[in-house]
Amino acid sequence: NDKFCKISGYARHELIGQTHSIVNSGHHSKEFFKDMWTTISSNRIWEGELCNKAKDGTFYWVHSTIVPMADVAGRVEQYGAIRHDITQRKIAEQTSIQSARLASLGEMSGGIAHEINNPVGIIQGKASQLLKLMRSGKFTSEKGIEQLEKVVSETERIAKIIRGLRTLSRNGDKDPFMPVQIKNLFSDVMDLCAER
């Protein structure tokens, strides 16, 4: 009909005798179409959303209801389709999804920055203290080992955060909760305060 010609961009003579493949966008899987054909060839109504490709290469979405038309013996002779253009709604949905993803990414980035900045601050402070000890001549191997152990501990903490992010990005389980020594937590806070 005229509406289909208008939305697809094809003239009537270009469409007559063609199958749906002329507007197939490649968006849907073979299984999607197999399910649709199984439904309508079984003399049942199929309803769903289709992404099609117009003659000019642009994509458009239609909500389709395909009704099989059977003869008196119940054999399907032809199909009738009722379609509504839902392209603007699908664009709005995609925009909304994209906005939500960006918002959650921003929120997650803030959390990641906070989690990584803490150990980085401690590493910088410890390295700075070590450098001051060396420059002042007050450096001893005991003090050096103490500072370097803290640097190693904090780099391991950063590595653990990054491993957790990789696991999360692969939709895997998060790292299990680990017990934290309150004494060590206070020690970290005191170190950070002393270094500022």
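What share of the 196 residues in the protein chain is buried? Buried residues make up 25% of them. Keep in mind that this is a predicted model.

**Stop 1: the whole chain**

Show the cartoon. The protein chain has six helices and three strands. Follow the sequence and the elements come in the pattern α-α-α-β-β-β-α-α-α. Switch to the surface. The accessible area of the protein chain is about 14300 Å². Carbon and sulfur atoms hold 57% of that area.

**Stop 2: Phe32 and Phe33**

Select the aromatic side chains. There are three aromatic pairs. Begin with Phe32 and Phe33: their ring centres are 5.4 Å apart and their planes stand at 90°, so the pair is edge-to-face. The cut-off for that label is an angle over 60 degrees. Colour by accessibility. Phe32 is partly exposed, at a relative accessible area of 23%. Phe33 is buried, with a value of 13%. Phe32, Phe33 and Trp46 are linked into a cluster by ring pairs.

**Stop 3: Trp37 and Tyr79**

Select these two rings next. The centres of the Trp37 and Tyr79 rings lie 5.6 Å apart, with the planes at 80°, so this pair too is edge-to-face. The pair links distant parts of the chain. Trp37 sits in helix α3, while Tyr79 sits in strand β3 (residues 76–85), and 42 residues separate them. Are these side chains buried, partly exposed or exposed? Trp37 is partly exposed, with 44% relative accessibility. Tyr79 is also partly exposed, with 34%.

**Stop 4: Asn43**

Stay with helix α3 and move on to Asn43. Asn43 lies in the loop between α3 (30–41) and β1 (46–53). Check the backbone torsions. Most residues other than glycine have a negative phi. Asn43 is not a glycine, yet its phi is positive, at about 65°. Its relative accessibility is 37%, so Asn43 counts as partly exposed.

**Stop 5: Lys90 and its partners**

Turn to the charged side chains. Side chains of opposite charge can pair when their charged atoms come close. The structure holds nine salt bridges. Select Glu49 and Lys90. Their side chains form a salt bridge with an N to O distance of 2.9 Å. This pair links distant parts of the chain, 41 residues apart: Glu49 belongs to strand β1 and Lys90 to helix α4 (residues 87–136). Glu49 is partly exposed, at 24% relative accessible area. Lys90 has 15%, which is under the 20% cut-off, so Lys90 is buried.

Which residue does Glu93 bridge to? Glu93 forms a salt bridge with Lys90, and the closest N and O atoms are 3.6 Å apart. Both residues are in helix α4, and because they are three residues apart, about one helical turn separates them. Glu93 is partly exposed, with a relative accessible area of 32%.

Glu49, Arg89, Lys90 and Glu93 are linked in a network of salt bridges. Then display Trp61. Lys90 lies over the face of Trp61, at 4.3 Å from the ring centre.

**Stop 6: Arg75 and Asp71**

Select Arg75 and Asp71. A salt bridge joins their side chains, at 3.3 Å from N to O. Arg75 is exposed, with a relative accessible area of 56%. Asp71 counts as buried, at 19% relative accessibility. The cut-offs behind these two labels are under 20% for buried and over 50% for exposed.

**Stop 7: a nonpolar patch**

Finish on the surface. Select Leu102, Leu105 and Met108. Together they form a nonpolar patch on the surface, with about 280 Å² of accessible area. Zoom in on Leu105. Where is Leu105 placed? Leu105 is in helix α4, the helix that also holds Lys90. Leu105 is partly exposed, with a relative accessible area of 44%.

Notes:
Residues are numbered from 1 along each chain as its sequence is written. This is a predicted model: local features need pLDDT of at least 70, side-chain atom pairs count only at pLDDT 80 or more; totals for chains, interfaces and linings use all residues. Side-chain values use heavy atoms; hydrogens and water are left out. Helices (H or I, at least four residues) and strands (E, at least two) are DSSP runs, numbered from the N terminus. Buried means under 20% relative accessible area, exposed over 50%, partly exposed in between (1.4 Å probe, protein chains only). A salt bridge is a side-chain nitrogen of Lys or Arg within 4 Å of a carboxyl oxygen of Asp or Glu. Rings of Phe, Tyr and Trp (its six-membered ring) pair if their centres lie within 6.5 Å; planes under 30 degrees apart count as stacked, over 60 as edge-to-face and the rest as tilted. A charge sits over a ring if NZ of Lys or CZ of Arg is within 6 Å of the ring centre and within 35 degrees of the ring normal. Patches are made of residues with over 30% relative accessible area and no salt bridge: like charges are joined within 9 Å, nonpolar side chains (Val, Leu, Ile, Met, Phe, Trp, Tyr) within 5 Å. Accessible areas come from the Shrake-Rupley method with a 1.4 Å probe; for residues, only the protein chains shown count as cover.
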